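Please read these points with the model open beside you.

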Number of protein chains: 2
Amino acid sequence: MLGPLNQVAIAVPDVREAARLWQDRFDADVSEPQPEPDHGVTVVFVNLPNTKIELLEPLGENSPIEGFLKKNPKGGIHHIGFEVGELIPLRDRLREKGVTITGDGEPRIGAHGNPVIFLHPKDCNGALIELEEVTG
Amino acid sequence: MLGPLNQVAIAVPDVREAARLWQDRFDADVSEPQPEPDHGVTVVFVNLPNTKIELLEPLGENSPIEGFLKKNPKGGIHHIGFEVGELIPLRDRLREKGVTITGDGEPRIGAHGNPVIFLHPKDCNGALIELEEVTG
């Protein structure tokens, strides 16, 4: 049921500086910064052979990573994201098993244009987990 | 220079319980628990199509994840691991660029039987990063 690991998201205070570090130290293949105002972040993708790192900097007010960065001013691993099949039946199954879905639990359109939900860390070994519906 | 993401390691207080959760909730393909006394952890591998999650429980005294679990009793994402080529020239290059290697900086044989080093989170956007030499 769990598809590929789509991303490891790392919150950073300055995404341009972080991108330079990944490029300079590791010759990593990094994208240009992409503002995602609907999601309150500016993203840089670090492309790996099998998955990607997403470097996230807060954008605008009430960014979802603002609180995390207050606690972790240098940044840190914020969440991991998996590709899954149909989201609604999986969400309902997870709820039956006692997993808290963040927010109102309704899928939102994520940064990749697909529906996503987030599972609360308290029910998932302390890890914030994003599930992204990738079908067809 | 950065190869595939080999693992996302999640520290957990009880690796058997964590394995059951991943299996029960996600039908995940989980291994039997493997004690790694040389590394102070018991590991369960959650196999994904493109990489793996490693669930780590402290084993014995002075486990390297003991302090992390004291701060994060429910667990949390502990580190991410990348496959790289020759480790010594890369380590020396990283040091020149101001990256702190944990411990004495000498590669140790990691849980997969290959030499590994860890980069200090303070120099890596708050993320603890393992580099594993995979050659030939």
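1. In this predicted model, the axes of helix 3 (residues 87-96) of chain A and helix 1 (residues 15-26) of chain B come within 9 Å and cross at roughly 135 degrees. Axes here are lines fitted to C-alpha atoms, for helices over the stretch in contact, and angles run from 0 to 180 degrees between N-to-C directions. Helices (H or I, at least four residues) are DSSP runs, numbered from the N terminus.

2. Contact means heavy atoms within 4.5 Å. The residues of this contact divide into 3 nonpolar, no polar and 3 charged (Ala, Val, Leu, Ile, Met, Phe, Trp, Tyr, Cys and Pro count as nonpolar, Asp, Glu, Lys and Arg as charged, and the others, Gly among them, as polar).

3. Helix 1 of chain A and helix 3 of chain B also pack at about 135 degrees, with their axes 9 Å apart. A:D24, A:R25 and A:F26 make the contact with B:L90, B:R93 and B:L94.

4. A rotation of 180 degrees with 0.0 Å of shift along its axis superposes chain B on chain A, at an RMSD of 0.0 Å. That is the relation of a two-fold axis. Copies are superposed by least squares on the C-alpha atoms of residues with pLDDT of at least 70 in both. In chain B, the C-alpha of B:N50 comes closest to the rotation axis, at 3.0 Å.

5. The contact takes 44 residues from chain B and 42 residues from chain A. The chains bury about 3600 Å² between them, 63% of it on carbon and sulfur atoms; buried area is the accessible area (1.4 Å probe) that two parts lose on being put together, summed over both. B:R25, B:F26 and B:N125 lose the most area in chain B, together 23% of what that side buries.

6. Chain A averages a pLDDT (the predictor's confidence in each residue, from 0 to 100) of 95, and 100% of the residues score at least 70. The model scores ipTM 0.95 and pTM 0.96.

7. Residues are numbered from 1 along each chain as its sequence is written, and chains are lettered from A in the order in which they are written. Local features need pLDDT of at least 70, side-chain atom pairs count only at pLDDT 80 or more, totals for chains, interfaces and linings use all residues, and side-chain values use heavy atoms, with hydrogens and water left out.

Methods. Helix = DSSP H or I, 4+ residues; strand = E, 2+ residues; numbered from the N terminus.
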